[in-house]
Amino acid sequence: MTQVRKCLFFTLLGLALLFPHVAFAQESESDVSSGKALYDSFQCWQCHGYEGQGGRSGPRIAQTAYPYSVFAIFVRYTNLMPAYSPDVLSDAQLRDIYEFVRSIPAPPALEEISKLDFE
Amino acid sequence: MKSDKDDRPDLSMDRRKFLSSATAAGAATLIGAGKTSAQEEMSQVDGPVEPPSAAQLQMEDEIPEGYSADQAQDYFVKSPGSDFMLDVIKKIGIDYVTTNPGSSFRGIHESIVNYGGNQAPELLTSVHEEQATAMAHGYYKASGKPLIPLVHGTVGLQHACMAVYNAWSDRVPMIILAGNHMNVTDRRAGSEWAHSAQDCIRVVRDYIKWDDQPVSLQHFSESMARAWKIAMTPPRGPVAIAIDGHLQEGERGDKKLRIPGLAPTQPPIGEDGAIAEAARMLVEAENPIIVVDLMAHDQTGIERLVELAESIQAPVVNQYGRMNFPNRHHLSQGSGVIAEADVILCLELNDTWGTINTMRDRVHREARRRARSDAKVIDIGVKDLFIKSNYQNFQRYYASDLSIAGDGQATLPSLTEAVRSAMKRSRRSSNSERESRWQREHKRSYVKTLDAARYAWDASPISTARLFSEIWQVAKDRDWSLVSDDKLKSGWGTRLWPMSKHYHYLGRSGAGGVGYGAPAAVGAALALRDRGILPINVQADGDMMFSPGAFWTAAHHNIPLLTVTHNNLGYHQENMHLQRMSVRRRRGTDGNSLIGNELRNPDIDLAKIVEGMGVWSSGPIHDPKDLGPALVKAMDVIDQGEPAFIDCICQPR
């Protein structure tokens with residue numbers, strides 16, 4: 001584990017303990033289509049791309065493997081990205097966005113993309 | 001499309017040139033003996049000499065038919081000063097002069113097209129001085145040779161300013177000639193006053209290396225030789241000469257004029273003792289790494305860095321100010337290795353502090369050391385040899401453990417030799433283990449890159465990874481050069497395409513001045529045209545709207561250039577900045593950051609813009625499946641020696 005990853009892991013662990021109301025919040029029903037609309041209007045795509053694919057400005061979030069609680073901590077408390085507070089992006093809205101990015105279909109397998117061959 | 005010269009009579013060898021060459025030949029015979037090569041005077045004109053025609057002979061008569069001696073003196077100039085100026089420019093070996101025409105340099109303009117036959121240098125028409133200057137920037141990076149942007153000393157140089165600043169920040173040499181009328185009693189009323197200045201170079205003096213305002217032709221001759229020398233001596237950079245209108249347009253006179261020889265300055269090399277100490281530190285380090293930015297002047301620089309890196313199996317982090325190191329070499333690594341290094345060799349970094357530390361864009365800006373606290377830093381480069389005060393592109397001060405003043409490329413051989421001498425057998429034997437480690441890391445990183453490129457593969461707008469993958473399909477079987485920066489396209493060019501040649505990647509603008517992309521690409525394409533190398537410009541839309549006229553220059557002068565836009569319909573960097581401000585202030589986060597930043601309603605039809613300037617174009621393309629066929633058609637156009645343009649609607653980054 002690199003220093004950066006170690007640091008991130010312990011930061012998230014610490015934040016989860018500091019903000020249990022976010023980290024261990026009861027999951028509620030959410031809406032993928034609403035999440036897509038919110039993803040667009042809150043302009044998550046600016047750093048993460050329209051498909052959540054990420055790039056140099058922000059990491060890939062499509063099909064995120066993080067549970068919602070960790071995802072929410074990233075958005076609200078880590079300062080790794082601009083911190084979206086609950087008064088501008090509610091928990092319900094954030095949860096919809098989370099469901100949307102999780103629902104983004106998997107891309108084709110590498111073997112299926114002949115043009116990704118640069119040898 | 002025809003160039004300027006196609007429809008004009010061949011005046012490449014007129015009577016004047018014939019006479020001057022004959023004079024020069026005689027003079028060369030007289031002065032030839034006893035000169036050293038570096039100081040040898042240049043002959044005035046080279047090449048075959050044809051006898052003048054009868055009409056030319058008549059034109060060259062002291063007193064043309066039907067005129068008195070006084071009339072002839074009043075009406076005609078027999079041997080204009082700007083002809084001599086052109087002789088000087090030719091002898092310096094300038095291939096092209098980029099310009100937007102202006103009356104303050106009409107004398108030398110006429111000399112270039114008539115006396116010089118518009119060859120070596122050939123005049124290239126730009127529609128803006130900023131573009132003329134950025135073309136010179138791109139040309140140097142693809143050829144290693146400086147050009148002359150020729151501008152009005154006032155309004156033209158004011159237009160050129162930002163491009164000069166880019167060149168200064170990117171250490172790119174060029175010799176700017178600025179027309180000016182110095183003698184107040186000699187100016188026509190009106191524009192000659194508005195277009196004259198007491199000190200016309202002043203507007204760019206903060207970000208050029210040197211300038212002069214010659215008061216005689218001999219002064220001009222010597223200052224041009226000095227200008228070339230200063231511009232080309234590392235750290236390289238732009239220089240400027242004001243050329244007086246009267247000096248250009250008046251008679252050269254009978255006074256004998258000399259053109260001094262060029263005496264290139266050998267680049268500075270790091271001091272031997274310091275190099276030995278640097279070698280000791282590198283050899284004794286457990287995890288030495290090399291970070292490199294503006295180092296390689298040419299292919300030799302790449303080869304020398306490979307030698308050094310392999311000798312100690314140290315990973316190389318290329319910051320891509322230049323193409324410094326093959327990106328498929330197993331020692332080519334990402335910046336993450338900086339955190340693990342115990343000795344960091346910085347080669348021609350403009351920003352050592354920002355390499356060792358980070359400062360994130362947060363409300364409270366706090367610096368954090370990225371490198372280990374005990375890591376030692378060796379800094380080799382020329383940045384301390386020339387620095388100016390006002391503009392702050394020199395970045396934050398860093399107290400390196402060992403700073404060595406010397407040109408990186410020129411210093412590498414002695415450093416590599418010192419490293420080899422300092423290596424003991426045990427250290428040498430550890431190289432194979434290190435090599436295996438970095439091979440594994442390199443492979444892992446590349447697989448990760450390919451994996452990341454899959455995401456949004458079929459998306460519309462088109463993903464930037466797909467954009468570069470599609471372009472690769474038409475480039476891979478040719479010799480090619482990525483003439484545009486790929487940083488704001490998530491770096492897919494340098495991450496995906498195998499790069500090993502110096503011209504495979506030409507780096508960035510230097511100062512981030514917007515409007516660099518298109519004209520620099522055209523300048524680079526010009527340099528690559530005769531070498532049969534395909535120039536590829538992945539063009540940002542916002543940048544393009546500052547200088548679209550560069551595409552007309554490409555069409556007008558038959559410069560083949562493949563341009564594919566990374567059109568994200570706005571100033572995306574600023575979009576992100578405004579969103580960041582909104583989030584910090586907890587307001588307007590749901591859409592207001594587009595205000596002032598998007599280029600929509602109406603969407604700009606970039607393909608139509610360049611089509612109107614005589615460039616083949618296609619687009620806007622939204623579906624990634626349409627991009628490949630458009631590229632194939634574009635290559636047909638390129639193969640006919642013309643520029644081609646595809647507008648591609650893309651993901652933001």
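B:Asn118 is found in the loop between helix H5 (106–115) and strand S2 (122–125) of chain B. Helices (H or I, at least four residues) and strands (E, at least two) are DSSP runs, numbered from the N terminus. The model is predicted: local features need pLDDT of at least 70, side-chain atom pairs count only at pLDDT 80 or more, and totals for chains, interfaces and linings use all residues. Residues are numbered from 1 along each chain as its sequence is written, while chains are lettered from A and ligands numbered from 1 in the order in which they are written.

The backbone of B:Asn118 has a positive phi, near 55°, in a residue other than glycine. Most residues other than glycine have a negative phi, and most peptide bonds are trans. B:Asn118 counts as partly exposed because 19 C-beta neighbours lie inside 10 Å. A residue is buried if 20 or more other C-beta atoms lie within 10 Å of its own, exposed if 12 or fewer, and partly exposed in between; C-beta atoms are placed from the backbone.

A positive phi also occurs at A:Gln43, where the value is near 60°. A:Gln43 sits in the loop between H3 and H4 of chain A. This residue is buried, because 22 other C-beta atoms lie within 10 Å.

Chain A has six helices and zero strands. Its pattern along the sequence is α-α-α-α-α-α. Of the 119 residues in chain A, 31% are buried. Contacts were also sorted by sequence separation. Two residues are in contact if their C-beta atoms, placed from the backbone, lie within 7 Å. Among contacts in chain A between residues at least 6 apart in sequence, 66% join residues at least 24 apart.

Helix H3 (residues 32–41) of chain A has A:Gly35, A:Leu38 and A:Tyr39 as buried residues. These residues lie on the same side of H3(A), because they cover an arc of only 105° around the axis. The arc is that of the directions from the helix axis to the C-beta atoms. An α-helix has 3.6 residues a turn, so residues three or four places apart point the same way. The exposed residues A:Ser33 and A:Ser41 are carried on the face of H3(A) turned away from its buried side. The cover over the buried residues of H3(A) includes helix H4 (45–48) and helix H6 (91–103) of chain A.

Chain B was assigned domain 1 (78–249), domain 2 (272–435) and domain 3 (455–648). Such bounds come from an automatic or database domain assignment. The C-alpha centres of domain 1 and domain 2 of chain B are 37 Å apart. Eight residues from domain 1 of chain B and twelve residues from domain 2 of chain B take part in the contact. On the side of domain 1 of chain B that touches domain 2 of chain B, three residues are nonpolar, two polar and three charged. Here Ala, Val, Leu, Ile, Met, Phe, Trp, Tyr, Cys and Pro count as nonpolar, Asp, Glu, Lys and Arg as charged, and the others, Gly among them, as polar.

Chain B also holds an open sheet of five strands, in the order S14-S15-S16-S18-S17, with parallel pairing. Strand S14 (480–482) and strand S17 (616–621) of chain B stand at the edges; each has a single partner strand, so one side of each is left without a neighbour in the sheet. Two strands pair if DSSP finds at least two bridges between them. Neighbouring strands of this sheet are turned by 15° against each other on average, direction ignored. S14(B) and strand S15 (residues 534–540) of chain B run parallel and are joined by three bridges. B:Ser481 has B:Pro535 in S15(B) as its bridge partner.

Helix H19 (residues 517–529) of chain B lies across S14, S15 and strand S16 (562–566) of chain B, and runs at about 180° to S15(B). Axes are lines fitted to C-alpha atoms, for helices over the stretch in contact, and angles run from 0 to 180 degrees between N-to-C directions. Strand S17 of chain B contains B:Pro620. The peptide bond joining B:Gly619 and B:Pro620 is cis, with omega about 5°.

Between the chains, 38 residues of chain B are in contact with 33 residues of chain A. H22(B) gives the most to the side of chain B that touches chain A, with six residues. That side divides into 16 nonpolar, 13 polar and nine charged residues.
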